[in-house]
Every structure is written in structure tokens, then in C-alpha cells.
Amino acid sequence: MITEIRSSLDSFRTGSFRPGMNVVLADTVDDSEELESTNGLGKTTLIRIIQFCLGSEVSRDKVLSHPHLNGVSFGITFLWGKEAVEVDRCTTGDSVLVSSVFLKGLEFETLAQQGERSRISLDDWKLSLSARLAPEMPFRKEEYSPSFREVMLYLARLGKAAFNDPLLSFQGQPGSSKRLVVSFLL
């Protein structure tokens, strides 16, 4: 369960979540007209930040790769068992700062140690997510199984294609990828 979403941006409002169902709604003001849109208020960007912190490629995201967000970090805190795991990632660079407890027992190279947190490569982060959050999936690259990232695209959907076809997570997705992930989820 995700408990917090944060950013180094001063204007970013930290999102906090509690156990149970949480709903993110765009609020309107009392004098809003009935036809006024709530587009552009950050609901989808919140999903993009979650995807980004969980290993998506920033170069594929037009919102988070915007020049004004160059060097900005985003972070989430999620519960893994009884442990609160903090993850922070900057829009520049290919490393992730994560609570060391999440990596205990996994053999990944630590790039730097910052208190109770370790900086690891983005590739190692993706492998550790697969190992910890989807232990039933082999997380070695040579195995024929979906990665955590492939499954995550179905759990936190983005883009029109992901909502037009329940078997599709992104436009142009290969058929073998769709079949593999959907079969795994079923």
C-alpha cells in the first residue's frame, strides 16, 4: 500500500493515503459552472509519479521529462509487510534511493549509502521490485516471465489505449507481451 507521494518541488502538495479505499478527486469551487472541466489538475500526473518511482522510463513520459522538471525528485513511501519503504528518484540520472531494509538479502551493488537508505541503479531497482513485490515471478532476465514493470502497467494504467482495450497496456504493445502478462494476472 502506498502511504505517501512527495516531491522536491516547493509547489507540490504531498499526498497521504490511509488503509482502505482512497479516491483522488479534483475539487471545484463553489462558483464553478457545471460544465467547467477538472482536466489538468494532476490526477493522472499522480499515477505517472507512482509509475516513475516504481521504475518507468522518464524518457517515455512527456510530462515528467518536461524541461521545467529537470533535476526534480519524486518519492513514494509504501508498506512492505510491516516496513515503511521510502523510494526517491530524480528525473535526471539512472539511480534510485531506497530504504535499505527492502534490499536486505538481495545481491545488488550499492552505489552509495545515505543513513538507512541505499542508492542503487535503476536496473537493480526494477529487479528488486520483481523479487520483493512479485516473488512468484522469476526475476532473472533470462526467464520467460513478465517483469514487475510489465505487470505494473496493467495495475496503474495510463493513456487512452490502456482503457480502450482491457488486454492492452500501451499502444503498439506486442501480442506476445499482452498474452504473457494477462495470462500471469489470470
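Which residue in β5 is the bridge partner of Arg 89? The partner of Arg 89 in β5 is Val 96.

This is a predicted model, in which local features need pLDDT of at least 70 and side-chain atom pairs count only at pLDDT 80 or more, while totals for chains, interfaces and linings use all residues. Residues are numbered from 1 along each chain as its sequence is written, and side-chain values use heavy atoms, with hydrogens and water left out.

**The sheet**

Helices (H or I, at least four residues) and strands (E, at least two) are DSSP runs numbered from the N terminus. Two strands pair if DSSP finds at least two bridges between them. Seven strands make up an open sheet with antiparallel pairing, in the order β2-β1-β3-β4-β5-β7-β6. Its edge strands are β2 and β6 (112-114), each of which pairs on one side only.

Strand β1 (residues 2-7) is joined to strand β3 (residues 73-80) by five bridges in the antiparallel sense. Within β3, Phe 74 is the bridge partner of Ser 7. β1 also runs antiparallel to β2, with two bridges between them; here Ile 5 stands opposite Gly 15 in β2. Further along the sheet, β4 and strand β5 (residues 95-99) run antiparallel and are joined by three bridges.

**Salt bridges**

A salt bridge is a side-chain nitrogen of Lys or Arg within 4 Å of a carboxyl oxygen of Asp or Glu. By this rule there are five salt bridges.

| Residues | N to O distance |
|---|---|
| Lys 126 and Glu 57 | 2.5 Å |
| Glu 86 and Arg 117 | 3.6 Å |
| Arg 117 and Asp 88 | 2.3 Å |

Arg 117 in strand β7 and Asp 88 in strand β4 are 29 residues apart, so this pair links distant parts of the chain. For burial, the cut-offs are under 20% relative accessible area for buried, over 50% for exposed, and partly exposed in between (1.4 Å probe, protein chains only). Arg 117 and Asp 88 are both buried; Arg 117 counts as buried because its relative accessibility is 16%. Glu 86, in contrast, is partly exposed, with a relative accessible area of 33%. A network of salt bridges links Glu 4, Arg 6, Glu 86, Asp 88 and Arg 117.

The salt bridge of Lys 126 with Glu 57 has its closest N and O atoms 2.5 Å apart. This pair also links distant parts of the chain, with Lys 126 in helix α3 (residues 122-133) and Glu 57 in the loop between α1 and β3, 69 residues apart. Glu 57 counts as partly exposed because its relative accessibility is 31%.

**Aromatic rings**

Rings of Phe, Tyr and Trp (its six-membered ring) pair if their centres lie within 6.5 Å; planes under 30 degrees apart count as stacked, over 60 as edge-to-face and the rest as tilted. There are five aromatic pairs by this rule. One of them is the edge-to-face pair of Phe 52 and Phe 74, at 6.2 Å centre to centre with 90 degrees between the planes. Phe 52 lies in helix α1 and Phe 74 in strand β3, 22 residues apart, and the pair links distant parts of the chain. Both Phe 52 and Phe 74 are buried.

Phe 78 and Phe 102 form an edge-to-face pair, with 5.6 Å centre to centre and 90 degrees between the planes. This pair, too, links distant parts of the chain: Phe 78 is in strand β3 and Phe 102 in helix α2 (residues 100-103), 24 residues apart. Phe 78 and Phe 102 are each buried. A cluster held by ring pairs contains Phe 78, Trp 80, Phe 102 and Trp 125.

**Cysteines**

A disulfide is a pair of cysteine sulfur atoms within 2.5 Å. The structure has zero disulfides. Cys 53 counts as buried, at 0% relative accessibility, and Cys 90 counts as partly exposed, at 23%.

**A surface patch**

Met 21, Val 23 and Leu 25 make a nonpolar surface patch of about 400 Å². Patches are made of residues with over 30% relative accessible area and no salt bridge: like charges are joined within 9 Å, nonpolar side chains (Val, Leu, Ile, Met, Phe, Trp, Tyr) within 5 Å. Accessible areas come from the Shrake-Rupley method with a 1.4 Å probe, and for residues only the protein chains shown count as cover. Met 21 sits in the loop between β2 (15-16) and α1 (43-53). Met 21 counts as exposed because its relative accessibility is 75%.
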